[in-house]
Amino acid sequence: MATEIEAAGIEIDGQVESDTQSEEDEGKEKTSKKQPRRETVRASRLERKKPQRDKEDESKEEHNCPRQNRASRRKTHQKKNGDGKKAEVKERDKKASTKDQKNSENKEKKTNKKGKEGENKQKKGRKNSTSSESSNSFDEESLSEEELAMLMEQVEQRKKLISAMRNKPWRMVKKLSVLREAQAFVEKFEGALGKGKGKKLYAYKMMMAKKWVKFKRDFDNFKTQCIPWEMKIKEVESHFGSSVASYFIFLRWMYGVNLVLFGLIFGLVIIPEVLMGMPYGSMPRKTVPRAEQATAMDFSVLWDFEGYIKYSALFYGYYNNQRTIGWLKYRLPMAYFMVGISVFGYSLMVVIRSMARNANESTADGEDDNFIFSWKMFTSWDYLIGNPETADNKFASITTSFKESIVDEQESNKDENIHLRRFLRVLANILIICCLCGSGYLIYFVVKRSQTFSKMQNVGWYERNEVEIVMSLLGMFCPPLFETIAALENYHPRIGLKWQLGRIFALFLGNLYTFLLALMDDVNEKLDEEDVVKNITRWMLLGHHNSSMGNSSADTPPSLDPADVPRGPCWETTVGIEFVRLTVSDILVTYVTILVGDFIRACFVRFVNYCWCWDLEAGFPSYAEFDISGNVLGLVFNQGMIWMGSFYAPGLVGINVLRLLTSMYFQCWAVMSSNVPHERVFKASKSNNFYMGLLLLILFLSLLPVAYTIMSLPPSFDCGPFSGKKRMYEVIQETIELDFPLFIAKIFSYVANPGLIIPAILLMVLAIYYLNAVSEAYQRANAELKKKMQMQREEDKNKRNNKTNNNSMMQDLEDLLAPSTKIEIYPKQAEGKKIESPDQVIPFGKQGKAEVLNGSPMSGGRRAVLIPPPHLLVTRPPTPGIWAPYSYADKPWPGAHPLGLVPGRGRGHPCYSHAAR
Amino acid sequence: MGNKQTIFTDEQLDAYQDCTFFTRKEILRLHGRYHEMAPNVVPMDYTKDPDVKLPMQLIINMPELKENPFKERIVESFSEDGEGSLSFNDFVDMFSVLSEMAPRELKAIYAFKIYDFNTDNFICKADLEKTLNKLTREELTAEEITLVCEKVIEEADMDGDGKLGFADFENMISKAPDFLR
């Protein structure tokens with residue numbers, strides 16, 4: 001029995017083997033398999049010819065035998081199809097006859113391992129010495145070719161086996177020995193393939209392939225070592241289950257994306273500007289104004305990103321509108337614009353790609369609720385848990401979930417709570433909407449107030465930072481509030497997490513957009529202000545010129561010190577500073593929250609517990625849980641901020657990289673030291689794509705304001721790379737006009753023609769519509785198939801239930817087969833059933849008769865399906881003698897189909913197969 | 001990488017890499033774990049394939065398995081003698097199958113073995129009850145257990161023989177969203 005199951009396993013494996021094979025192997029196959037495939041037919045013909053030949057051609061057989069033995073053994077392991085079995089039978093015959101010779105030959109082979117030359121010599125020598133029939137000598141050339149093909153195929157098979165070894169459900173000892181054997185075989189005969197010139201090439205190819213495999217393996221080793229924080233995340237996973245770990249995996253992914261963005265911005269914008277641009281202090285936009293110079297180095301000023309930081313390469317205003325800089329003629333404004341676009345382009349691409357990959361990976365959708373209890377039973381344990389507390393929680397959660405489903409099952413018909421629950425859910429949603437509106441209004445109010453504050457002189461620290469403080473406080477207190485409200489709804493935690501995420505998302509989004517609108521007001525004000533300043537500047541410069549002309553007769557007028565030139569408000573830098581401030585305050589709030597809310601609380605609970613009235617650990621404060629939803633959303637929104645701000649503050653990405661790096665270590669530490677696992681531990685299945693969806697949404701939403709400012713606001717006249725232009729995108733037109741040949745400009749102007757763009761957009765819309773329709777059709781087909789499968793399943797069940805008692809032995813035997821082979825051998829199976837049924841009836845004989853007499857419709861119906869008409873029973877007495885004719889009659893049957901499938905035979909006639917063994 | 005180690009020969013390491021889902025370093029680390037469970041029994045030199053087995057008691061106290069309700073069954077189904085003592089080969093084999101790189105099909109085979117408590121190649125009601133008791137620490141009442149077991153059989157048993165064969169199990173588990181995440 002045990003072996004039967006094993007065989008079934010192997011069969012399944014054999015089927016998937018080709019899928020799981022490494023790509024490299026497939027590539028190899030493509031090159032070398034073409035030939036053997038064509039010759040497989042010949043090879044099998046050869047094999048069939050063997051029996052006759054091995055009588056007359058002793059020497060040749062002798063030579064082939066070890067190989068063939070091994071091949072057939074392997075085949076039976078791998079496929080267990082008729083071929084293999086037959087070969088095995090043959091092999092058994094042969095084994096007996098040629099065992100001695102084989103042994104001696106093996107010895108011989110061991111002594112001279114010299115690849116083909118030696119082997120050929122040996123073969124020839126043997127041929128001469130053993131004086132085989134001369135009739136075979138003319139066959140030699142073709143035979144050796146066939147042999148070669150066979151050899152090649154066998155080598156290929158063995159290679160396949162080696163590459164699929166790890167997927168075999170064998171004991172390690174067996175695996176190792178089979179592997180060793182296969183490797184030895186490949187080693188030995190690889191060199192023997194190919195002749196003359198081709199041989200060298202083949203050997204070379206093989207060598208290269210081997211080296212390539214080795215290289216790939218080393219590279220994989222290297223790659224796994226390069227994944228950062230793998231151990232840390234695994235550790236967290238083992239303590240807190242996969243849902244918490246999914247946050248850290250997301251954080252790590254985010255860090256990777258940000259590193260790329262950082263590289264883009266630093267490599268293409270900041271470093272060129274610092275190295276090749278005009279130095280600090282050479283022009284007004286790169287100098288701290290006279291009025292601010294006294295305090296420009298104070299920490300309080302720097303902390304607000306004013307003073308020197310404001311006039312540094314971290315912000316938009318620092319960049320010069322010089323078209324080319326340095327000896328490289330680097331087009332900085334152009335680069336600035338392109339990098340700004342490609343930051344979004346890259347992020348979009350990465351997010352969408354990883355979403356698509358995630359969607360591909362999650363093949364099985366959990367909507368199929370056929371197996372609620374089975375899945376709970378067999379897949380609910382999280383094998384990654386290694387912490388007693390988590391395990392306790394998991395046990396508890398499994399128990400509750402079982403109880404829940406039992407209750408669901410029992411009371412699926414009478415659910416009196418449904419109205420109450422519905423009411424509670426509606427109530428919860430109303431409450432949450434109220435919260436959202438309130439917080440939105442609060443932010444709007446605060447932002448408006450801060451605008452009045454900004455006009456006043458000497459305002460305090462609180463007034464200056466009111467917006468940030470209020471936003472952070474809202475972000476801190478609303479999520480727990482939502483969670484409390486969500487307790488009313490009583491969702492499954494996995495669904496609850498999504499609701500929670502969605503709500504906090506709405507909160508943050510509302511806050512962010514209120515903030516943006518207020519900022520926009522600010523920008524518009526600044527734009528008005530700018531016009532005034534522009535005039536003043538012009539007049540002042542003019543006046544300065546005139547006065548210097550009047551005073552001295554020098555050729556060059558003494559230039560005005562850059563610090564004294566009056567300048568506009570430079571709204572871009574202001575926006576950048578706002579975003580940087582928001583990011584920094586967000587970082588601080590997050591860290592302080594972790595420190596106070598988690599660590600201090602944990603310390604307090606841990607140490608004060610010794611002298612307290614009640615149990616702090618189990619009672620009210622207890623330890624904090626890791627807040628997945630809050631953390632994920634914090635991360636997502638922070639990233640949105642970075643995307644929005646990075647155009648106006650190129651240094652922002654650098655800050656973010658630092659933030660992610662530190663928070664990886666800090667949060668890992670905080671989680672491990674001061675958090676407890678969730679009370680209801682659950683698996684994070686597929687929620688990664690949910691995070692990605694949020695990220696994509698926020699990316700799109702942060703793209704909007706940036707695109708708006710680029711396309712429709714005029715850049716400041718005296719700061720930034722686009723100063724002096726009407727719109728920022730004009731830098732592209734300028735580059736095309738000045739740097740490209742004329743015809744490209746022409747083409748560009750044609751392409752930019754609305755007459756072309758509108759049809760293009762139309763085409764895109766149509767394409768989207770088409771693809772959407774196609775995917776919908778697929779979905780429908782999918783659903784249809786699912787329904788069909790379901791129906792089939794029900795039908796099968798019914799049918800089988802009806803005939804269960806009749807042929808339980810059949811069922812037993814059938815179970816041992818894998819589903820894949822069941823389909824293949826179906827016709828034979830049916831045949832087998834028919835033939836076998838008389839045997840089946842024997843034990844039932846008398847009862848059956850009684851039942852028929854009783855006229856029980858059930859039993860009659862049952863029998864009608866399977867067994868021969870009752871007269872057969874009556875006419876032939878149920879004696880053991882009935883065995884003989886049937887089994888003899890069958891014997892030719894497998895013989896008639898020499899390639900018949902073995903399992904069919906083995907199953908239909910257990911006795912026969914036992915006898916064969 | 002590149003560290004000179006004398007535990008295995010290069011061929012052994014290559015063979016292990018071919019037979020498992022592990023990298024060289026991971027195999028060495030596995031040996032380290034195996035060694036540290038019984039430092040005076042397990043040699044540091046495995047080049048000659050010493051015949052060493054560690055009893056189940058040591059293995060199931062590893063942090064990876066300690067909390068697992070099925071730890072005894074896992075170890076038993078991977079041990080060659082079926083008693084629960086693991087040689088290093090079995091040990092590597094176990095972790096290879098349990099690792100996340102192992103394909104679903106392979107895992108399904110071993111999962112079936114693990115859940116088949118009485119090793120009759122079927123998951124019958126007794127097995128299900130045992131599984132359930134281990135999963136819930138026997139906190140369900142007898143009726144609840146019977147109900148759940150009946151439901152499981154009803155759901156997954158395709159051929160109506162009242163127990164789950166491997167085909168049933170494989171069919172059921174391959175559709176599970178949580179199996180192998």
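Predicted model: local features only at pLDDT ≥ 70, side-chain atom pairs only at ≥ 80, totals over all residues.
## Helices and the Chain A Overview

In this report, helices are DSSP runs of type H or I with at least four residues, and strands are E runs of at least two, both numbered from the N terminus.

Chain A contains 35 helices and 2 strands. Of its 917 residues, 44% count as buried. The accessible surface of chain A comes to about 49100 Å², and carbon and sulfur atoms account for 63% of that area. When contacts in chain A between residues at least 6 apart in sequence are considered, 77% of them join residues at least 24 apart.

## Annotated Transmembrane Regions

An unreviewed UniProt entry lists several spans of chain A under "transmembrane region", among them residues 253–275, 334–352, 467–488 and 747–771. Two of the listed spans may be described from the model.

Residues 467–488 of chain A are 91% helix and 0% strand, with 32 Å between the end C-alpha atoms. For residues 747–771 of chain A, the corresponding values are 92% helix and 0% strand, and the end C-alpha atoms lie 30 Å apart.

## A Buried Loop Residue in Chain A

Where in chain A is Asn320(A) placed? Asn320(A) belongs to the loop that runs between helix H12 (307–310) and helix H13 (332–361). Its relative accessible area is 6%; because buried means under 20%, Asn320(A) is counted as buried.

Leaving aside residues up to four places away in sequence, Asn320(A) touches Glu273(A), Met278(A), Met283(A), Arg285(A), Lys286(A), Pro333(A), Gly720(A) and Pro721(A).

## An Exposed Loop Residue in Chain B

Is Asp51(B) buried or exposed? Asp51(B) has a relative accessibility of 71%, and it counts as exposed because the cut-off for that class is over 50%. Asp51(B) sits in the loop between helix H2 (24–37) and strand S1 (53–54) of chain B.

Asp51(B) and Ser87(B) are 36 residues apart along the chain, and their C-alpha atoms are separated by 7.3 Å.

## A Covered Helix in Chain B

Helix H5 of chain B, residues 71–78, is mostly covered, with 6 of its 8 residues buried. Those buried residues are Lys71(B), Arg73(B), Ile74(B), Val75(B), Ser77(B) and Phe78(B).

What covers the buried residues of H5(B)? The cover includes helix H3 (56–59), helix H4 (63–66), helix H6 (88–98) and helix H7 (104–115) of chain B, together with strand S2 (86–87). Ser87(B), named above with Asp51(B), falls within the residue range of strand S2.

Key
Residues numbered from 1 in each chain as written. Chains lettered and ligands numbered in written order. Heavy atoms only, no water. Buried < 20%, exposed > 50% of the residue type's maximum accessible area, 1.4 Å probe, protein only. UniProt positions renumbered as here; feature names shortened; annotations may be inferred. Contact = heavy atoms within 4.5 Å. Areas by Shrake-Rupley, 256 points an atom, 1.4 Å probe, with all protein chains shown as cover.
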